[in-house]
Amino acid sequence: MVRQRKWIAMVCCLLIAAASGYGLRRELAPFTAKPIEQALTPSAFADEDLGYGLSSYSKTLVMKDCFRIVLAYSDIDMIDKAVRDVVSRCAARAADIVATTPTDSFAWLVRAAASVRLLANDDFNAALRQSQLTGPNEQWIARLRVDLAENYFSRLSAETIKSEAADLKLLASSQKGVAVIARRYVSDPDFRARITAIVEAMPQDRQVAFLNNVKRSMGK
């Protein structure tokens, strides 16, 4: 009986050690991956599985890399199957993360970005709305969402346009947020009309603050 218990204890220790080693390898995966710039040469990035660990920090690192990868390719690059495979892998990793952590607003955004590059417009719209729903007050993500939405505005559904309006209202309420939209406000008449309609529905003091922030951001 004593020998059997020792054997069981040894097996348990080995299993724990193996599990710890596996977890450590997964956690270190984002740090041992190739430099992100190599993604622009898909053949050099083909063997990367874009793995991540169990921590939210590890997942965020991979998602930030994927976000940069997905938006770095040109439309002509996307004709290449190897490029589409890299973008598809990022889409799959984002899908894995939101499957287990559905409140991960940034992972939803990455999924949206990958989907729009793969011409999956329904997935793009659904993921973008989920990102806004799960992170309505995370301004750094809202700034990225607005950029993505505006760059692919013609592909937005009516529901997603309403969702973006909430992000625009959030950005219009702070100096940092206005700094992001100021250039587009000046250069894009359609965007200016939409943001103006949103700001006009805000209290008077917020409207004045918005205009002052636009002038400050434009160096006036």
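Is threonine 160 buried or exposed? Select this residue to begin the tour of this predicted model.

**Stop 1: threonine 160**

Threonine 160 belongs to helix H8, which spans residues 158-171. Its relative accessibility is 1%, and because buried means under 20%, threonine 160 counts as buried. Next, display the side chains around it. Setting aside the neighbours within four places in sequence, the residues in contact with threonine 160 are Asn125, Leu128 and Arg129. Two of these partners also deserve a distance label. The side chain of asparagine 125 makes a polar contact of 2.7 Å with the side chain of threonine 160. The side chain of arginine 129 is likewise joined to that of threonine 160 by a polar contact, here of 3.1 Å.

**Stop 2: leucine 119**

Now select leucine 119, in the loop that runs between helix H5 (105-117) and helix H6 (121-134). With a relative accessibility of 61%, leucine 119 counts as exposed, because the cut-off for that class is over 50%. Most residues other than glycine have a negative phi. Leucine 119, although not a glycine, has a positive phi of about 65°.

**Stop 3: cysteine 66 and cysteine 90**

How many disulfides does a search of the whole structure find? The search finds 1. To view it, select cysteine 66 and cysteine 90, whose sulfur atoms are 2.2 Å apart in the disulfide. Cysteine 66 lies in helix H3 (residues 56-72) and cysteine 90 in helix H4 (residues 81-100), so the link ties together parts that are 24 residues apart in sequence.

**Stop 4: methionine 218**

Finally, move to methionine 218, in the segment that follows helix H11 (204-217). Which residues is methionine 218 in contact with, leaving aside its neighbours within four places in sequence? They are Ala182, Arg183 and Val186. A C-alpha to C-alpha distance drawn from methionine 218 to alanine 182 reads 6.9 Å, although the two residues are 36 apart in sequence. The relative accessible area of methionine 218 is 34%. Because this value falls between the 20% limit for buried and the 50% limit for exposed, methionine 218 is classed as partly exposed.

Definitions and conventions
Residues numbered from 1 in each chain as written. Predicted model: local features only at pLDDT ≥ 70, side-chain atom pairs only at ≥ 80, totals over all residues. Heavy atoms only, no water. Helix = DSSP H or I, 4+ residues; strand = E, 2+ residues; numbered from the N terminus. Buried < 20%, exposed > 50% of the residue type's maximum accessible area, 1.4 Å probe, protein only. Contact = heavy atoms within 4.5 Å. Polar contact = N/O pair within 3.5 Å; in protein donor to acceptor, adjacent residues only side chain to side chain. Disulfide = S-S within 2.5 Å.
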